[in-house]
Amino acid sequence: MGKYMFETSEFGLSSEGIHLLRSRYNYETVPFSHIQSIRFGKGRIVNNWVAILVIGLACVAFSIFYAFVLLEVFSDERVNRIYIEEILLPFLPLVFGVYMVYASLRTGEMMVVCYGRKTKRFTLERLKKEGSLERFMDEVNSHVQRNGKANGSATQM
């Protein structure tokens, strides 16, 4: 077993608190006594999902527009040559845009931790996939209620 009871790519949980990780390196530890609240629930997996959705929809719209322009070029009798790049141009933004729309609309299990003046969001998909999400939530609830301040709580979103 590693040095954390539960670990994802973003954080680890130990008896001391929640350890914020980058490349499995602990860059900040939030003791349970400093945590004001923890909320569990469904949320967007990616940050800035609105911006990603808008960019994805713009790529899809461009692909559709350019496909209609390309259809007009095909029906134009004055055009003698159409390059392969012109035919492929609408497909790349279409694939990219569809993926961005899909990624921006994905939801999953999230944990929101409020401490001090900071609020951090973490995805719990790895713990859910491993089947340890319920044990993780019970462990966090017990630590926050035991070590937290009077207003410290772990609730469902």
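**Reading a predicted fold**

User: With which residue does R78 form a salt bridge?
Analyst: This model is predicted. Side chains of opposite charge can pair when their charged atoms come close. Here the closest N and O atoms are 3.4 Å apart, and the partner of R78 is D76.

User: Is R78 buried or exposed?
Analyst: Exposed means over 50% relative accessible area. R78 has 71% relative accessibility. Therefore R78 counts as exposed.

User: How far apart in sequence are the parts tied together by R24 and E7?
Analyst: The side chains of R24 and E7 meet in a salt bridge, at 3.3 Å from N to O. R24 lies in the loop between β3 and β4, while E7 lies in strand β1, so the pair ties together parts separated in sequence by 17 residues.

User: How far apart in sequence are the parts joined by K42 and E109?
Analyst: K42 forms a salt bridge with E109, with the closest N and O atoms 3.7 Å apart. K42 lies in strand β5 (residues 35–44) and E109 in strand β6 (residues 107–115), so the parts tied together are separated in sequence by 67 residues.

User: Which residue of that pair is exposed?
Analyst: Exposed needs over 50%. E109 has 15% relative accessibility and so counts as buried. At 53%, the exposed residue is K42.

User: How many bridges join β3 to β4?
Analyst: The two strands form a hairpin with 2 residues between them. Strand β3 covers residues 17–22 and strand β4 covers residues 25–31. They run antiparallel, and the number of bridges is 6.

User: Which residue in β4 is the bridge partner of I18?
Analyst: β3 and β4 are joined by bridges. Follow I18 across to β4. There, its bridge partner is V30.

User: Which residue in the hairpin turn has a positive phi?
Analyst: Look between β3 and β4, where 2 residues separate the strands. The phi in question is about 55 degrees, and the residue is S23.

User: Which helix gives the largest share of the nonpolar patch?
Analyst: The patch covers about 450 Å² and is made by I84, L88, F91, L94 and V98. Helices α2 (84–88) and α3 (91–105) each supply at least two of its residues. The largest share, 3 residues, comes from α3.

User: Is L94 buried, partly exposed or exposed?
Analyst: L94 lies in helix α3. The middle class runs between the 20% and 50% cut-offs. L94 has a relative accessible area of 31%, so L94 is partly exposed.

User: Which strand gives the most to the lining of the largest pocket?
Analyst: The largest pocket holds about 160 Å³ of space. Its lining includes S9, M110, R121, F122 and T123. With 3 residues, the strand that gives the most is β7.

User: What distance separates the C-alpha atoms of A103 and E16?
Analyst: A103 is found in helix α3. A103 and E16 are 87 residues apart along the chain. Their C-alpha atoms are separated by 34 Å.

Methods
Residues numbered from 1 in each chain as written. Predicted model: local features only at pLDDT ≥ 70, side-chain atom pairs only at ≥ 80, totals over all residues. Heavy atoms only, no water. Patch = residues over 30% accessible without salt bridge, like charges linked within 9 Å, V, L, I, M, F, W, Y side chains within 5 Å. Areas by Shrake-Rupley, 256 points an atom, 1.4 Å probe, with all protein chains shown as cover. Salt bridge = Lys/Arg side-chain N within 4 Å of Asp/Glu carboxyl O. Helix = DSSP H or I, 4+ residues; strand = E, 2+ residues; numbered from the N terminus. Buried < 20%, exposed > 50% of the residue type's maximum accessible area, 1.4 Å probe, protein only. Pairing = 2+ DSSP bridges. 1 Å grid on protein atoms, 1.4 Å probe; cavity = no way out; pocket = protein on both sides within 12 Å on 5 of 7 lines; lining within 4 Å. Points joined across faces, edges and corners; volume = space filled by probe spheres on them.
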